[in-house]
Amino acid sequence: SLCDMVFNSDLTKTGVVTSPGYPNPYSPRTHCTYDFQGRGKERVQVVFQDLNLHHTSNGENGCEGADSLVAYVDIDRKKEKIYSFCGEKPLRPIMSNGPRLSLEFNGSTSSRHSRGFKAVYSFTENFGITTGRQEAEYPCAFVYNSNETRNGTFASPNYPGLYPRNTECHYFFNGQPNERVHLHFHFFDVEGVMPCDAISASDFVEFSNYMSTDRKYSRYCGQQKEFDVKSDRKFFRVTFKSNDRYDGTGFNASYVFVDEEGNYTTKPPTSNASTLKGKAKAPFFSLSLSPFLND
């Protein structure tokens, strides 16, 4: 097809991809393939700015029979569909599980009201994780040091889009000798069923006071309400791991380093103006000293 395109990361790391003639309506019987080819540990992230495809109003069968944009990745050297877009749904970003991704656009019906789509693509090595400092020795690891910032946020790869398959990311928290880290998970949707083990082929999030496994904490997966996790030492590790089966949205969490003296309690935020009393500002936490600290 005349509209088939190849985007190679050797030539450009980011750019715009659109349906033919966008924002004008695409022609009937349009079929285009867009291949994204990265290298090494690069991942392809596609962030949609507009999607307006012809569709019938009932939409009961998902994208079946409708004009659509379908995303594929390579899993075990086979092309696997990870997402289908149709109609004019608000779109979340998508990310590949490796250096390659392809989009197939099928526009069988033309309409003067259907603009097609517009998206920004990028070849990235940060997995769409925008906080912390990336650790070069690992494929995906991010470090949060209390001497750089006492509090902040961290999230799963590509959040709020679906996390990529076959991905393992570590989050390392380093406090001062007298500090501990408190984590609060605001949103959690990781594909799997408890106890999140290999038998159930579950994706999971794991917690540890060590680089090795820590039997104190159970793995988390599935859809969870808000919850808190606290470290026992100045170091804490959070590991996210997905397999090649299904997808989820992932998680969004905040962290705060606290001094170990006394019993700090984590309270849900009353407003963004919550402060860490006597310490530093903490947008997601209001922390107070236990009354028996003065004993």
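1. **The sheet.** In this predicted model, four strands make an open sheet, ordered β2-β9-β4-β7. Their pairing is antiparallel. Strands here are DSSP runs of E with at least two residues, numbered from the N terminus. Two strands pair if DSSP finds at least two bridges between them. Strands of a sheet pair through backbone hydrogen bonds, either parallel or antiparallel.

2. **The edges.** β2 (14–18) and β7 (94–95) are the edge strands. Each pairs on one side only.

3. **β2 and β9.** Five bridges join β2 to β9 (residues 116–124). The two strands run antiparallel. T18 has K118 of β9 as its bridge partner.

4. **The cavity.** The structure holds one cavity of 30 Å³ or more. The largest cavity has about 90 Å³ of space. A cavity is a set of points, on a 1 Å grid over the protein atoms alone, where a 1.4 Å probe fits but cannot get out. Points are joined across faces, edges and corners, and the volume is the space filled by probe spheres set on them.

5. **Its lining.** Lining residues have an atom within 4 Å of a point. For the largest cavity they include V73, Y83, M95, R165 and D247. β6 (78–86) and β7 each give two or more residues to this lining. By class, nine lining residues are nonpolar (Ala, Val, Leu, Ile, Met, Phe, Trp, Tyr, Cys or Pro), two charged (Asp, Glu, Lys or Arg) and one polar (the others, Gly among them).

6. **Its place.** Where does the largest cavity lie? Domain 1 (5–124) and domain 2 (133–259) both give residues to the lining, so the largest cavity lies between them. The domain bounds come from an automatic or database assignment.

7. **Basis.** Residues are numbered from 1 along each chain as its sequence is written. Local features need pLDDT of at least 70, side-chain atom pairs count only at pLDDT 80 or more, and totals for chains, interfaces and linings use all residues, while side-chain values use heavy atoms, without hydrogens and water.

Definitions and conventions. On a 1 Å grid over the protein atoms alone, a cavity is a set of points where a 1.4 Å probe fits but cannot get out, and a pocket is an open set with protein on both sides within 12 Å along at least five of seven lines; lining residues have an atom within 4 Å of a point.
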